[in-house]
Structures are given as structure tokens and as C-alpha cells.
Amino acid sequence: MTSQTITAAVSGTWMLGDRTVNRVGFGAMRLTQHGEAFAPDAVPSDRDQAVRVLRHAVELGVNHIDTAAFYFSPLRSANELINRALAPYSDDLVITTKVGPGRDPSGQWLPHATAKQLRGQVEENLRQLGRDHLDVVNLRIVGIDSIAERFGALAELRDAGLIRHLGLSNIQPHHLAEAQAIAPVACVQNQYGIGARPEQEEFLRRCGEQGIAFVPFYAIAGAGREAGANGTDSDEVLAVARARGVSPAQVRLAWTLHRGPHVLAIPGTGNPDHLTQNVAAGALRLTEDELTVLDSLQPETA
């Protein structure tokens, strides 16, 4: 597979709200620093290289970028890098951001925003991105408590024209039903990948039945989470990668995209070579035998 000739268009498309996006997108979490995201001693990324990565992503057909105002390291902000690299934005580019979590200027995590505080977070994303509206805003939560008040506050901002579409992140199925009683939900962004829990498999399927985009995070990193892939791929993943002449990360992304046409990948990187490989994974069509082997890594339902 010659990565240099492959664009995100080969991955197919899905509707994100009323916008058509290629199924391989780009996540900005790892763009601002070297090493682990959110680490207090993170070394800032090279600004010029980060800008080049973003511009090359768009050149490769990426038209869905996932970001957040809390994606920053000393001297670097993902939103401001996106603004510098891509503004004025093309009409087909969809920028998705998240609200709920927050960090103070030193990088320390703050309590999740209340319903009243969410407007300030939305306005901060608007300012940093240099926009008068946000394409998609995901409410990211922790825990199982009701989201009605917070999601309702975002629905009011949507009605006011500051947001076009709403989504949810890190949720459980009952949160989706609760939100849908308030306003349409364009996407669900949850942790998912090879080895995902059975309940996430069922949730992914239910989203597909309702036409809701399912956007996995940590599809490559897995248990490595903010630190990234830890190099401990299973023998099965490594065997498929060797047989196909691709990286384990490409196998993981390809497997994820095989889970349904509504699944959108958002692999993130600050490395130009890894960007090219991630986009090329959208062209990797796994065989039924390969899928059977990789599917066997999913935990069985208790």
C-alpha cells in the first residue's frame, strides 16, 4: 500500500449532522506537545511542523477535525494552531470541539463546567478558532448522572446560532436517550477499539441503527490512552500487520472502520509520516479471515 497516493476519500463518507465528511478525520489532542498529552512537563511541539501537519491533512482529504480548548501545552493551543493553519476555512471542513472539562492556565484540571459555565467554554472555542459558530459541539462527561441541564444549555446555544450540531462524549446509553429528548444528537464519541467491552459493541450498533455517527477515541492508543500506543500489540494484530505490510496502528484503524459505515476515525499525531499512514489506513480492506482473528480479541459477554 503506497501511502503517499492515498487520500481520506477512499475511506468513504458519512453524514455528521447535515455535513458530509470522509470517514478518516484528524484528532488534535497530540498536536500541541511531544509525549503524553496533558502532562505537566510536556515539551511543546514545533509550531511550524504542527501547522504543516494540519495543512497536509487537509491536502490528503481530511475534512473532519476534532479539537477542544483544553487541548494545550505550554506555548501551544490546538485551536489556535488550527486557526493559523487553516483559516479562512474551506466550506467542506467540519470542526468538532468538546466542552465540559476545563484546565487553568497552568494546565491543572478544573471541575467540569456547570450548565451556566458552558457558554463561556463555547465562546472560548469560538474565539480561539476565529469563528462565529461551531460546526459540532460534544458535551463530554464523567459518570452516570443526568446531563439534561447541561445538554439543555447547549441546545439553547444551538438555537441562538452559536452551534450547528450537538454531540456527546464518554457517555452511556441512557445519556443518549436523555439528550435526544432535548435536541437531535449528531454523534457519539466514546473510547473504542480492538478489545472494546461488549456493551460498547452494542452501543456502536445502536448508534448505527439511528444514523448517529460513532466516533471512537483511543482507537490506536488503546490502554495507552493519553500516552499513545504503548507498543504492546497482540500477536494477532502484529501477524495481520506483517502479512499486509502495514503498521499495527493501521490495522487497528482499519478494523475500527470495518465496524460500520457510521464509524468515523479521528487518529491524532504531530508526525507527518504517521499522518500519511493514518489516512492510508482508510484504504485497508481486511479479509473475512483477518476480521475473524481480530474479532476474537473482543471480550466475551459475561
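Strand 12 (residues 134-140) is largely enclosed by the rest of the structure, because seven of its seven residues are buried. Buried means under 20% relative accessible area, exposed over 50%, and partly exposed in between (1.4 Å probe, protein chains only). This is a predicted model: local features need pLDDT of at least 70, side-chain atom pairs count only at pLDDT 80 or more, and totals for chains, interfaces and linings use all residues. Residues are numbered from 1 along each chain as its sequence is written, and side-chain values use heavy atoms, with hydrogens and water left out.

- Helices (H or I, at least four residues) and strands (E, at least two) are DSSP runs, numbered from the N terminus.
- Two strands pair if DSSP finds at least two bridges between them.
- Strand 9 (residues 94-99) pairs with strand 12 in the parallel sense, over four bridges.
- Valine 137 in strand 12 has threonine 97 opposite.
- Strand 13 (residues 163-169) runs parallel to strand 12, and six bridges join them.
- Histidine 165 in strand 13 stands opposite valine 136.
- From strand 12 the chain passes through helix 4 (residues 148-159) to strand 13, in a right-handed β-α-β crossover. Right-handed means that, with the strands pointing away from the viewer, the path from the first strand over the helix to the second runs clockwise.

**Cysteines**

- The structure holds zero disulfides; a disulfide is a pair of cysteine sulfur atoms within 2.5 Å.
- The closest cysteine sulfur to that of cysteine 187 is in cysteine 207, 9.5 Å away, so the two are too far apart for a bond.
- Cysteine 187 counts as buried, at 2% relative accessibility.
- Cysteine 207 also counts as buried, at 0% relative accessibility.
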